[in-house]
Amino acid sequence: MTFRKDFLWGGATAANQLEGGWQDGGKGIACPDICTGGSHTKSRRITPVLEEGIFYPSHEAIDFYHRYKEDIALFAEMGFKVFRFSIAWTRIFPTGEEETPNEEGLRFYDQVIDECLKYNIEPLITISHYETPFALTQKYNGWASRKMIALFTKYCETIFKRYKGKVKYWLTFNEINSAVAPIGGFLGQGILNEGSQDFMKQADIPQLRFQGLHHQFVASAKAVKLAHEIDPTYRVGCMQLFATMYPLTCHPKDVIACQEKSHLMNWFCGDVQVRGSYPNYMKRYFEKNNIHLEIEKEDLEILKEGCVDFYTFSYYMSGCMTANKDQLAAEGNILGGVTNPHLKASDWGWQIDPEGLRYTLNEIYDRYQIPLMIVENGLGAYDKIEADGTIDDTYRIDYLRQHIEQMHEAVKDGVDLLGYTPWGCIDLVSASTGEMAKRYGFIYVEKYDDGSGDFSRRKKKSFDWYKQVIASNGEKL
Ligand code: BG6
């Protein structure tokens with residue numbers, strides 16, 4: 001009734017938020033490289049032509065590209081069993097369309113993987129984490145085009161063959177379901193419609209997003225099949241942004257509104273990737289929203305043949321749904337829901353709900369009955385270096401402790417949980433705001449939103465705390 005012996009404790013990151021070295025080693029430009037910094041109150045801007053004197057946080061990020069040895073040694077010191085990172089597609093195929101891969105890019109990940117293995121840290125690799133090659137946006141409008149399927153498959157084949165024997169766990173698309181909302185169009189799919197400058201309010205064409213999702217489903221299924229052919233020991237998972245929703249009241253209309261929202265936001269993409277077919281409830285949604293998918297004959301067969309081996313998700317917060325349209329319009333938060341009066345929120349307004357994690361784990365496992373992994377969870381917060389150089393992030397320890405306690409409850413409930421990789425185990429650039437000030441790490445990085453900072457690393461209080469959590473397999477919290 002406790003965490004499995006081989007439980008994968010670790011941490012999670014993504015290339016564009018971590019690596020920097022945006023033009024080193026032959027890397028091409030990825031979509032995040034044209035996004036400026038922003039803040040909680042000021043949206044990032046998407047600038048296809050880079051502007052002089054403007055700070056683009058992904059260009060240097062936290063310089064993992066040059067400091068990965070130091071960082072992985074710190075992860076090893078905490079006792080990590082797994083390290084989740086993503087491969088930048090643009091390091092391997094700089095424009096996405098080269099005939100042959102970029103050897104220097106492949107070599108970089110050889111080194112990162114070898115460094116992990118040196119410490120017995122299992123690499124968990126996201127193949128595409130919010131970083132479509134920008135050249136593919138310019139040429140095809142990203143995943144709106146079916147052309148992307150073949151290009152992605154080629155990229156997958158290249159890395160599956162290259163890292164065979166060293167890697168076991170792969171994830172196809174990070175938070176694939178972000179694209180059911182307008183913000184996921186550019187972020188997750190590299191779709192950039194005319195008039196999209198404001199990262200938070202993009203010019204949105206739902207037809208393109210849902211067609212893009214269909215292309216991503218087919219590409220993901222093909223990747224799963226290919227991975228198993230190349231190495232039958234490979235395990236390939238999906239990755240969902242899980243935005244747990246509660247009805248605001250027990251009024252049946254609120255309950256139905258919540259079910260509809262959850263279907264779309266939380267279940268649709270997972271249902272396709274785990275069960276291998278489109279769920280019936282989406283037919284009604286497509287009809288109502290005038291969305292017509294172009295599905296080729298072989299696609300439905302491919303979806304069936306490419307079901308994922310395990311299910312992973314991010315969990316930061318929960319929200320409430322109401323059938324009251326006025327309240328929704330007035331309050332509409334990042335998830336499209338309304339505030340839960342029983343919960344407190346982070347400084348960025350994300351409502352903190354540890355018990356929701358237990359509920360969510362049960363809901364997902366009841367539905368799919370395949371192993372689960374929480375590959376993102378954590379508290380984005382302002383951290384302060386004290387006069388003596390220490391960083392007391394007790395609030396982060398509290399957040400993580402409460403979530404791990406609820407994971408434990410879910411395991412007792414019978415959920416098969418493989419592992420846990422808190423987000424931003426080392427401070428990195430925020431995906432939504434482009435800030436460094438929104439920190440998640442056990443390790444502080446001296447890099448700031450005006451571009452200053454020398455990248456030096458220092459341990460926060462949570463570093464030693466997490467070390468003891470791992471050493472005790474989640475018993476000492
Ligand atoms: C997830 C993403 O949405 O949440 C990460 O997969 C992201 O890339 C993380 O960084 C936290 O969000 P944010 O906006 O605080 O960085």
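This briefing looks at a ligand site and at one helix pair. The model is predicted, so please read the details below with that in mind. Elsewhere in the briefing, helix 2 and helix 15 cross at roughly 55°.

**The ligand and its shell**

- Glu376 has a side-chain N or O atom 2.7 Å from an oxygen atom of the ligand.
- For Lys438, a side-chain N or O atom likewise sits 2.7 Å from a ligand oxygen.
- His129 places an N or O atom of its side chain 2.8 Å from an oxygen atom of the ligand.

**Helix 2 and helix 15**

- Helix 2 covers residues 64–78 and helix 15 covers residues 461–471, and their axes come within 8 Å.
- The crossing angle is roughly 55°, and the two helices are therefore oblique to each other.
- On the helix 2 side, the contact involves Leu74, Glu77 and Met78.
- Helix 15 meets them with Phe463, Tyr466, Lys467 and Ile470.
- Sorted by class, the residues in this contact are five nonpolar and two charged, with no polar ones.

Methods:
Residues are numbered from 1 along each chain as its sequence is written. This is a predicted model: local features need pLDDT of at least 70, side-chain atom pairs count only at pLDDT 80 or more; totals for chains, interfaces and linings use all residues. Side-chain values use heavy atoms; hydrogens and water are left out. Axes are lines fitted to C-alpha atoms, for helices over the stretch in contact, and angles run from 0 to 180 degrees between N-to-C directions. Helices (H or I, at least four residues) and strands (E, at least two) are DSSP runs, numbered from the N terminus. Angles under 35 degrees count as roughly parallel, over 145 as roughly antiparallel, 65 to 115 as roughly perpendicular and the rest as oblique. Contact means heavy atoms within 4.5 Å. Ala, Val, Leu, Ile, Met, Phe, Trp, Tyr, Cys and Pro count as nonpolar, Asp, Glu, Lys and Arg as charged, and the others, Gly among them, as polar. A polar contact is a pair of N or O atoms within 3.5 Å; within protein, one must be able to donate a hydrogen and the other to accept it, and residues adjacent in sequence count only if both atoms are side-chain atoms.
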